[in-house]
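I opened the notebook to go through this structure.

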Amino acid sequence: MKHIHLLLLAFLALFAGVPFRAAAEESFRDKVVLIPVGEDALTSKQSFGFMNRILERAQKEQARAVVFEMNTPGGLAWETSEMMMKSIQPLTIPTYAYVNPKAMSAGALISAACDKIYMAPVSSIGAAGIITSSGEEMDPVMRKKAESAFWAFTRSVVTEKGYRPEVIKAMMIPSEEVQEFGPVKLEKGALLTLTGKEAATRLDDGKPLLAQGTATSVADLLAQEKVDAPVVTAVPTAFEKIGLWIAWASPLLILLGIGGIYMEFKTPGFGIGGIVAIAAFALFFFGNNIAGNLAGYETAALLVLGVILLCVEFFVIPGTFIAAIAGGICIFLALFGGMISSWEWDNVIRGGQWEDFNTVALVLGVPLLKLVLGLTGGAIVITILMKYLPDSVLMRRVTNATVSGGPAGEAVALRASRSETGERRHGTEAQRQGHDQWRNMRGFSRQGILIKGTPVRVVDIRPFDLVVVRDESPAGE
């Protein structure tokens, strides 16, 4: 069957969902996992996805400990709270934060979610007030709601870890009174920020103000904690770096895939359109899988089903639209689901937060926007191909090669058709209709090879081509 390679497209996309990343990484068992948290690490959802995945692996593979080396001005609030409660808090292996040289805002909160905090000799931690993504001043009522919610999240974690809740609260919410924290006097309306030595100050009860102590390096921290194990730095693998870029380019890949499928339907034989579609969708599933999204066997299999249903609609039961609609829905869900973060799906959606509109919008909004951009671009590409493909050099080369000696049953291009009338047979019914609209459509011969210029008669109309036979009627009939 001429279009059997469309199934190859689907199955190749299916195998593109194989989790390549596991083979590219060494085991964390009995090792200290070092997670660098740099300037931009907490401002990207992809970075949070990477860190959450590393923490999950560290727990599953029984690492000796996890160390966050903090050098960050802050980042995304909701993602920070989710990582504190859902990824760091449940760990049964020791977790340490090494502030070198700063852990501000979201960095301070992540540090406070760890079992112990160590400070570099010259370092600072704090200033964890909530601001908008644009840096603008929040509405007073909205600020109070956000501060109340985030303080509840944070309080539950830091209390469990044994820190002083009043210290963390002073970092997050300005007080209307002057406060004192050991050697530090905090003015009214200010947010608390501590230096390394201040954070490690021991108070009258013998406990530190915040940090366990100071350390000159990660090795010094581990020596103080008597952790003797090799250190492995968690960095994105080459596959992950490529995958993150590919995931970002998902709309473009959807556009190319849709355009390639359309081009393949409209050109005879297996050619450029099929290759483009296979490459685009294979990269789509590969990249999103590596990026930690739901692009795996399930979503790729859904794409397979969608392509099969479209083939059934076009070549088995044309005109019913039932299979086409079902296939379109399957493809839509496969592409949309493939771009949803697997970590957010597991921890937010499956966690019963469907009723929280803001949370659902954060999880599903970006994948939906990417899909809309890709589908819109695909529609534009199809419109352009419909206008220019029949007269293109590629189409002329393919169709001319076919009519001058291709295999029996292959396509011929009807560059001009009988403009008066033709005959279409369907069962016992024969109907007469004009054929001007058939100009530039392709035809399949039921009689083997037809020499170029042979008059033909259309005997059947299919969704993307005409079935023709040699016209042996006397001229003028």
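I looked up Trp78 first. Trp78 is partly exposed, at a relative accessible area of 37%. I use buried for under 20% relative accessible area, exposed for over 50% and partly exposed for in between, with a 1.4 Å probe and protein chains only. Phe150 is buried, at 5%.

Ground rules next. This is a predicted model, where local features need pLDDT of at least 70, side-chain atom pairs count only at pLDDT 80 or more, and totals for chains, interfaces and linings use all residues. Residues are numbered from 1 along each chain as its sequence is written, and side-chain values use heavy atoms, with hydrogens and water left out.

Then I searched for ring pairs. The whole structure holds five aromatic pairs. Rings of Phe, Tyr and Trp (its six-membered ring) pair if their centres lie within 6.5 Å; planes under 30 degrees apart are stacked, over 60 edge-to-face, the rest tilted. Trp78 and Phe150 make a tilted pair, 5.0 Å centre to centre with 50 degrees between the planes. Trp78 sits in helix H3 and Phe150 in helix H5 (residues 140-161), so this pair ties together parts 72 residues apart in sequence. I take helices (H or I, at least four residues) and strands (E, at least two) as DSSP runs, numbered from the N terminus. Ring pairs also link Phe153 with Trp78 and Phe150 into a cluster.

Arg57 lies over the face of Phe28, 3.9 Å from the ring centre. The test is NZ of Lys or CZ of Arg within 6 Å of the ring centre and within 35 degrees of the ring normal.

Next came H2 against H3. The axes of H2 (residues 45-60) and H3 (residues 77-88) come within 11 Å and cross at roughly 10 degrees. The axes are lines fitted to C-alpha atoms over the stretch in contact, and angles run from 0 to 180 degrees between N-to-C directions. H2 and H3 are therefore roughly parallel, a term for angles under 35 degrees. Residues in the contact (heavy atoms within 4.5 Å) include Phe48 and Met51 of H2 and Met83 and Ile88 of H3.

Last, I noted the chain totals. I count 16 helices and 16 strands. Buried residues make up 48% of the 477 residues.

Conventions. Parallel < 35°, antiparallel > 145°, perpendicular 65-115°, else oblique.
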